[in-house]
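Visitor: I am new to this structure and would like to learn how to read it. Please take me through it feature by feature.

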Amino acid sequence: MTSAMFIQHFFNALTLGSLYGLIAIGYTMVYGILRLINFAHGDIFMMGAYFIFFGTVSFFLPWGVAAVLAIAAASLCGVIIDRIAYQPLRNAPRISALISAIGVSFLIENLALVIFTGLPRPVVQPEWLVKPLAFGNVRILPLGLVVPAISFILVAALLWVVYRTKPGLAMRAISKDIETTRLLGVKVNKIIAFTFALGSALAAASGIMWALRYPQIHPFMGVLPGFKAFIAAVFGGIGSIQGAMVGGLILGFIEIMLVAFFPEFSGYRDAYAFILLIAILLVKPTGLLGEKLEEKI
Amino acid sequence: MLEITDLHVRYGGIHAVKGVTLSIPKGSIVTLIGANGAGKSSAIRAVAGLVKGIEGEIIFNGRDGRTSLKGLPPESMVRKGIALSPEGRRILPHLTVIENLRLGAYSRNDAERIEDDIEYVYSLFPRLKERSWQKGGTLSGGEQQMLAVGRALMSRPDLIMLDEPSLGLAPLLVREIFEIILQINAEGKTVLLVEQNAFAALKIAHYAYILEVGRIVLQGSGQELLTNPKVKAAYLGG
């Protein structure tokens with residue numbers, strides 16, 4: 001492999017990895033607070049992609065405006081899902097909420113199939129994002145720079161919210177001790193809704209950039225990236241935002257590089273992630289940056 | 001300030017509080033003492049809105065006038081002017097000392113005065129100031145208790161409820177905490193103190209109730225009960 005090719009693979013991996021990372025953050029934040037795997041999260045990613053498609057193709061909105069609206073709409077969907085499907089089950093056994101999550105996921109995918117039809121839709125890519133930039137003999141798509149840059153800005157903004165603002169403080173408190181946090185005056189359901197809004201916004205941002213990178217969208221496009229992002233969250237240490245991002249990046253690199261170096265195994269590219277999941281669960285179930293979680297009683 | 005009438009608390013089949021009536025006058029220190037399992041914590045948790053399905057009446061006469069606390073969720077208590085420092089301190093171990101204090105002021109929106117109140121808590125407990133950026137979980141038991149009391153003060157309560165602040169602390173630290181309780185009472189806060197350490201509690205309390213298996217069996221001023229032979233025999237080691 002030439003170094004030029006390696007650099008191109010590097011930026012592909014960085015792009016894919018940051019997209020996984022953005023989705024993984026939503027899994028990890030919700031899990032950190034509710035100990036719930038929000039299976040519908042991958043579908044929020046899909047909705048982000050559809051919203052940008054309709055925004056730009058049906059309503060002819062400029063990309064930036066459409067992206068902001070799509071993120072806001074997907075964020076609202078996340079909050080509604082929590083309100084309808086999870087909030088009534090807050091005091092139920094955890095398995096009930098998990099089953100509800102799986103149900104919501106199927107519901108959204110099939111609703112999307114009915115409403116948007118199963119036909120893959122082509123997303124129009126802005127030309128400047130896909131016109132390769134040449135650096136000597138290295139050719140890189142501007143997307144390969146823009147996607148990681150936007151992702152890192154979003155993660156930095158999120159970390160600022162979580163570590164420097166009042167709702168962020170409440171989120172971190174709830175993740176350890178809901179009862180005490182309530183005693184101190186925190187309206188827990190509001191903070192949980194806020195968490196869903198933030199996580200869904202990042203998933204939608206990821207879905208939008210995914211649609212730019214792989215410009216064919218369909219109702220089940222969120223399933224596999226969703227699973228992989230979940231693996232990234234486990235790998236990074238579920239509950240840790242930084243861990244989710246690191247996990248996403250590592251997963252992106254493994255997937256791209258294995259295919260690049262061993263093209264004969266490229267048919268197995270989706271299997272690598274799951275092999276990795278089994279390996280982590282066997283060797284270090286708390287993940288790279290995760291703390292040991294005590295069972296909640 | 002707080003009037004509890006015929007309070008019953010049940011958990012499943014356990015009848016933990018069986019008709020407790022007590023009153024906490026404004027500006028006083030009232031203590032509820034009793035052995036493990038006497039129902040002290042259940043009573044205080046009922047006032048804080050942490051137990052569902054209670055019977056009886058809980059009336060609070062505070063900044064919103066006379067209101068019933070029954071059925072209110074715990075997050076509304078600090079807004080009414082009631083703060084609880086829970087049993088076992090319940091410090092958030094992964095948050096720093098100053099973050100724990102800020103969380104105590106969560107219901108407030110007056111940012112500058114919150115900073116003043118953090119300084120006030122640090123003046124009460126200088127050791128917390130030294131540990132301001134340390135995580136709550138790394139503090140000693142005594143420091144965690146100080147933080148729990150300080151955190152409860154951060155909501156500027158009119159009534160502060162302390163659930164077993166002496167639990168697991170060395171005698172010297174117990175004395176230190178109780179001196180602070182006297183001080184905050186002198187500064188105008190009403191205190192409800194739940195304790196197993198009857199001697200320490202009776203010494204500072206204006207009025208005391210003794211609870212046994214869910215019922216009040218004796219009440220009187222702190223001084224009175226300190227010299228009561230029955231109390232001496234059962235709670236003060238003869």
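**Reading strands, helices and contacts**

Guide: In E8(B), Leu193(B) is the bridge partner of Leu162(B). The chain runs from E7(B) through helix H7 (residues 171–186) of chain B to E8(B), a β-α-β crossover that is right-handed. Right-handed here means that, with the strands pointing away from the viewer, the path from the first strand over the helix to the second runs clockwise. Helices (H or I, at least four residues) and strands (E, at least two) are DSSP runs, numbered from the N terminus.

Visitor: What kind of model is this, and how are its parts numbered?

Guide: This is a predicted model, in which local features need pLDDT of at least 70 and side-chain atom pairs count only at pLDDT 80 or more, while totals for chains, interfaces and linings use all residues. Residues are numbered from 1 along each chain as its sequence is written, chains are lettered from A and ligands numbered from 1 in the order in which they are written, and side-chain values use heavy atoms, with hydrogens and water left out.

Visitor: In which sense do E7(B) and E8(B) pair, and over how many bridges?

Guide: Two strands pair if DSSP finds at least two bridges between them. Strand E7 (residues 159–163) of chain B pairs with E8(B) in the parallel sense, over five bridges. Strand E3 (residues 29–34) of chain B also pairs with E8(B) in the parallel sense over five bridges. In that pairing Thr31(B) stands opposite Leu193(B), and Ile33(B) has Glu195(B) as its bridge partner.

Visitor: Which other strand pairs with E3(B)?

Guide: Strand E9 (residues 207–212) of chain B pairs with E3(B), in the parallel sense and over five bridges. Leu32(B) stands opposite Tyr209(B) of E9(B).

Visitor: Are the residues of E8(B) buried or exposed?

Guide: Buried means under 20% relative accessible area, exposed over 50%, and partly exposed in between (1.4 Å probe, protein chains only). Strand E8 (residues 190–195) of chain B has six of its six residues buried, so the strand is largely enclosed by the rest of the structure. Thr190(B), Leu192(B) and Val194(B) point one way, Val191(B), Leu193(B) and Glu195(B) the other way, and all are buried.

E3(B) is mostly covered too, with six of its six residues buried. Ile29(B), Thr31(B) and Ile33(B) lie on one side of E3(B), Val30(B), Leu32(B) and Gly34(B) on the other, and both faces are covered.

Visitor: Which residues does Arg79(B) contact?

Guide: Arg79(B) lies in helix H2 (residues 77–80) of chain B. At 32% relative accessibility, Arg79(B) is partly exposed. Leaving aside neighbours within four places in sequence, Arg79(B) is in contact with Gly185(A) and Lys187(A) of chain A, and with Arg63(B) and Ser107(B) of chain B.

Visitor: What can be checked on a helix such as H1(A)?

Guide: The expected span of a helix is 1.5 Å times one less than its number of residues. Helix H1 (residues 3–34) of chain A has 32 residues and should span 46 Å; its end C-alpha atoms are 45 Å apart, which agrees. Arg35(A), with a positive phi near 55°, follows H1(A).

Visitor: What does Ala233(A) touch?

Guide: Ala233(A) is found in helix H10 (residues 223–236) of chain A, and at 0% relative accessibility it counts as buried. Not counting residues up to four places away in sequence, Ala233(A) touches Ala24(A), Tyr27(A), Thr28(A), Ile238(A) and Ala244(A).

Visitor: How many helices and strands does chain A have?

Guide: Chain A has 12 helices and four strands. Of its 297 residues, 53% count as buried.

Notes. Contact = heavy atoms within 4.5 Å.
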